[in-house]
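The structure under study is shown here.

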Amino acid sequence: MSAAPIRGVPIRVVLVDDHAVIRAGLAQLLASTDDISVVGQAGEGQQAVDVVREVRPDVVLMDLQMPGVDGVVATRRVRAEVPGVDVLVLTSFSDSERILDALDAGAVGYLLKDADPDDVLAGIRAVARGESPIHPKAARALLGARSGTSRPQLTGREVEVLRLVRAGLANKQIARRLDISERTVKAHLTSAFARIGVVDRTQAAVWAQRHEI
């Protein structure tokens, strides 16, 4: 699990988008804060991986649709090559397949470009705290994709994690019980939340109880 930002030290962010004007706007937005700092930018997926490897930020704000290496592949490479860096998707796409692809690749949150600027800032801060923000429209898309299905396909590890969430264990306790890292627990939770169409631990616990997980 990535370390929580030290009080008074800005959250270090890399911006990834193939449109320079969008990157410039985001950089200006983040520069208006005291607790977030842009430490790198990239306009393509592999470039993003290279920049992240060099500067090792806390959070990567990642677009999905880009020429060359797209955001899903870039997210997977960041997770594999630069441990401890969290990826927050910021994109125009709210279809459930795209959302699940990004979360399966290791993204810990999913925001849409029609979000208010304050929501983008809040999402970055939430990721830095170890949370997994998902835009309401994206959450509804996931719920819609799950309607009519009594039980989505979960991995064995996702089932184990949900069972322990239902039992009331915190991420640190789950990590200790399953002998995995807290970061891995968070990744499984984010993926499971997306698959079952919930946005927080309480909803996940209720879902797990209802489906006798």
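I first looked up D50, which is partly exposed at a relative accessible area of 37%; here buried means under 20% relative accessible area, exposed over 50%, and partly exposed in between (1.4 Å probe, protein chains only). I note that this is a predicted model, in which local features need pLDDT of at least 70 and side-chain atom pairs count only at pLDDT 80 or more, while totals for chains, interfaces and linings use all residues. Residues are numbered from 1 along each chain as its sequence is written, and side-chain values use heavy atoms, with hydrogens and water left out.

I next looked up the partner of D50 and found a salt bridge with R53, the closest N and O atoms being 3.1 Å apart. I take a salt bridge to be a side-chain nitrogen of Lys or Arg within 4 Å of a carboxyl oxygen of Asp or Glu. Both D50 and R53 lie in helix α2 (residues 45-55), 3 residues apart, about one turn of the helix. Helices (H or I, at least four residues) and strands (E, at least two) are DSSP runs, numbered from the N terminus. R53 is partly exposed, at 36%.

I then searched the whole structure and recorded 11 salt bridges. One of them joins D17 and K113 at 2.8 Å, N to O. This pair links distant parts of the chain, 96 residues apart: D17 is in the loop between β1 (11-16) and α1 (20-31), and K113 in the loop between β5 (109-112) and α5 (117-128). I found D17 buried at 2%, whereas K113 is partly exposed at 29%.
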